[in-house]
Amino acid sequence: MSIELDAKIPEGPLADKWDNYKEHEKLVNPANKRKFKIIVVGTGLAGASACATLAELGYQVEAFTFHDSPRRAHSIAAQGGINAAKNYRGDGDSINRLFHDTIKGGDFRAREANVHRLAQVSVDIIDQMVAQGVPFAREYGGLLDNRSFGGAQVSRTFYARGQTGQQLLLGAYQQMARQVGLGNVKLWNRMELVDVVVVDGRCAGIVTRDLMTGEVSSHSAHAVVLATGGYGNAFFLSTNAMTCNVTAAWRAHRKGALFANPCYTQIHPTCIPQADDFQSKLTLMSESLRNDGRVWVPENPDDTRSPDQIPEAERDYILERLYPSYGNLAPRDISSRAAKRAVDSGRGVGPLKNGVYLDFSDAIGRLGKSVVEERYGNLFDMYRQITGENPYEVPMRIYPASHYTMGGIWVDYELMTTIPGLYAAGEANFSDHGANRLGASALMQGLADGYFVLPYTISNYLAPFLNKPIPDTSHEAFGVAEQQARDRFARFLSIGGTRSPDYFHRELGKIIWDYCGMERNRQGLEKALSEIPALYDEFQKDLRVTGDGESTNQTLEKAGRVEDFFELGMLMCHDALDREESCGGHFRSEHQTEEGEALRDDDNFAHVSAWEWTGDPARPNLHEEALVYEEVQLQTRSYK
Amino acid sequence: MTTQNHGTLTNLTLEIWRQTGPDDPGRFVTYEIPEISDGASFLEMLDILNERLIEAGEEAVVFDHDCREGICGTCSLMIDGRAHGPQRGTATCQLHMRTFSSGDTIVIEPFRASSFPVIKDLMVDRAAFDRIVEVGGFISAATGGAPDGNLIPIPKPVADAAMDAAACIGCGACVAACPNGAASLFTGAKLAHLNLLPQGQAERFKRTEAMVETMEEHFGSCTNHGECEAACPKSISIDVIAVMNADYRKAKFKNRKSLSRV
């Protein structure tokens, strides 16, 4: 089957493309908008903002979340901030500079036109969120404050304490709640997508499962938006919330939506290391700590002294030694690899020897404890709460962890997937961050997609369907999908093996982390591609799901999500194996410079790898979208 | 199970509320935890128990949880009669076993409030909170027409006070802790956040009236016990209730045609 990957990039110079698109797109008359129904799955930043805006415009919107309330979506956990090219500091920022920083940060593997549009609408996001009452940090004069983040030489990050994601999500949730109150959005909570329905090559709706009653039901619409987040929980341990999963995206993939660049995963360098085998998740400590903390490990792997007893001469400040010009502020992917190499060489610290020190004693000596407390007090408290150790007295221990996934469902410039009428927004799509995302850009992208992109591009799709009938839920395709879903959950309940879904998730995560984590190579990936199917086979035979399918059953929900992670995990490895280069978060140890840095191959891999489901997870079908750069010069990233 | 630098707790007894559905009367069931690392979080202890139950062919204990970083507000639980357990300013997901001692009996119940009906075991339905927000917990600002973000300067103390109130995670501990099952801390926090900001002034009294009256349809009345502030995992101050009450009184008398006059 051949699929034509047309990104539908508008004509004209890069800076004019989005304006050209908006001038020429097809519109739906305000009175006719109510004749169209749009389903939005997921209510994080992208989903909630899309629901609010589409409903304000007059469309009938139905929103689905598996949480008890839309406000629980994982966007809420973002700490640091949101980028925007406002240039309020007068420090030389501009749309063009934000665009270039994002393209370079992504190691030249993102689509130019999408990234430029993102930079353009970034300024509108801040205005919109201020108008909604988001309490951004202010200076004493009352104007908005900014901070700096990695990968940029300007100060363009807006923030609300260490809770920027929470405040932005509540802003978008409240706009959506207003539309629910007005009757323009119908909210379905505790409902999970279990399938996407395609009729005559177009998305006709979705099949859901009620998480309180187990009832499987169908919902038809003119268009469906998936804003269902990333797949970082494929690694089992990650900074993602416990219920983050790939199911919605994966169900769409199995129905024909191509999945792009699944091997582009971001490993964040500063997380609290795993403390025990039963640990359920990892906690992020903000990147900002590296402004004053120094990363080191003992020179001697057998050193058992407490850190304050190890003299300066016997410490290895790894980032300061390897990257003297950026030091402890080297970018995420590079810092993560340096920590991993130190631990792999046996010099890890802590009881499991699985971390590196992040030491504030110099900063406390230089600035005083009160200044350090003012800057990082809430983070130090959180660290103490989790580890029981006092970071003012002993160095923090940190280690990299899975945090964000740049890969996702392939979308064109309009954010439409390869299934017409099906859209993907926010972390669920692949389009804006290339092979590595810069800090404070995820919130920007989620809100850009939901507030400022989808409302335009969806009308362009819907306009020709005015007054034309669409398949309703009595169409046999819905019935078939419903029955398949019921059969699938009945199958999980009937296996009657000995192991829980969490057991398989943990084992699967270990394989993916070991062989498709921070550093990959052919041998390891091939090993993973033999181990994952073997474990999957065991899952099919030895899974045990207790309880029933007619009331809340979190074990049963988990079984479906773990099964989808199995198939996704295989695709991640296939993609990592196929991409014979290193770029951003994808580091193939065969492809590195003499200094151990990522070695890109622009001649052979300046493309998006978009994978097609063939029915056999061992044999996905690859399609390529060439990345054509009109404006940007490809360079090598260096932080030496 | 391996333990590291942490200690180990032994011989814990859990009294957990089990209820098969909204119509089941429910009952306590006793579970033994022979050994657990004190570095485990409270919810990880429940994960371990659930693993054990599943492997023994029993149904896992249902409980709400998600981010496990104290920010999403999904987790709940009455632990030894206290919403989110014994540690002040801490959500259940951030509570660690080192707070307890070997030999303890720990009683675990769902949030108890008639406005939060039990769905199953320890999971409750807090949708009434969404109903309060839907009638006024917002500033009406349709996408597209917003003026520049720096057009209206907001004094830092005002922005900080709004942020203090906006830190609410909507977990419902305030309702569960209140002897009357009142939602005044939740509603007051949202009203204080929006009513303090210049952007929130146009709808201030309409918002206050709508939210307070919807709150009263669903929840009990506040009689100033102050249990809500003590239970709040974000330590939201009870002052927000004073802001709410003052604005509600004004809402009943204010001539809205004169809203733009100071």
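Me: What makes α2(B) count as mostly covered?

Reply: Happy to explain: 6 of the 8 residues of α2(B) are buried. A residue is called buried if 20 or more other C-beta atoms, placed from the backbone, lie within 10 Å of its own, so those 6 residues meet that cut-off. Bear in mind that this is a predicted model, where local features need pLDDT of at least 70, side-chain atom pairs count only at pLDDT 80 or more, and totals for chains, interfaces and linings use all residues. Residues are numbered from 1 along each chain as its sequence is written, and chains are lettered from A in the order in which they are written.

Me: Which residues of α2(B) are buried, and what do they pack against?

Reply: They are Ala128(B), Phe129(B), Asp130(B), Ile132(B), Val133(B) and Glu134(B). These buried residues pack against α5 (164-181) of chain A, together with α5 and α6 (204-218) of chain B.

Me: How do you know which residues belong to the contact between chain B and chain A?

Reply: Two residues are in contact if their C-beta atoms, placed from the backbone, lie within 7 Å. The contact takes 70 residues from chain B and 67 residues from chain A. On the chain B side, α1(B) gives the largest share, 6 residues.

Terms used. Helices (H or I, at least four residues) and strands (E, at least two) are DSSP runs, numbered from the N terminus. A residue is buried if 20 or more other C-beta atoms lie within 10 Å of its own, exposed if 12 or fewer, and partly exposed in between; C-beta atoms are placed from the backbone.
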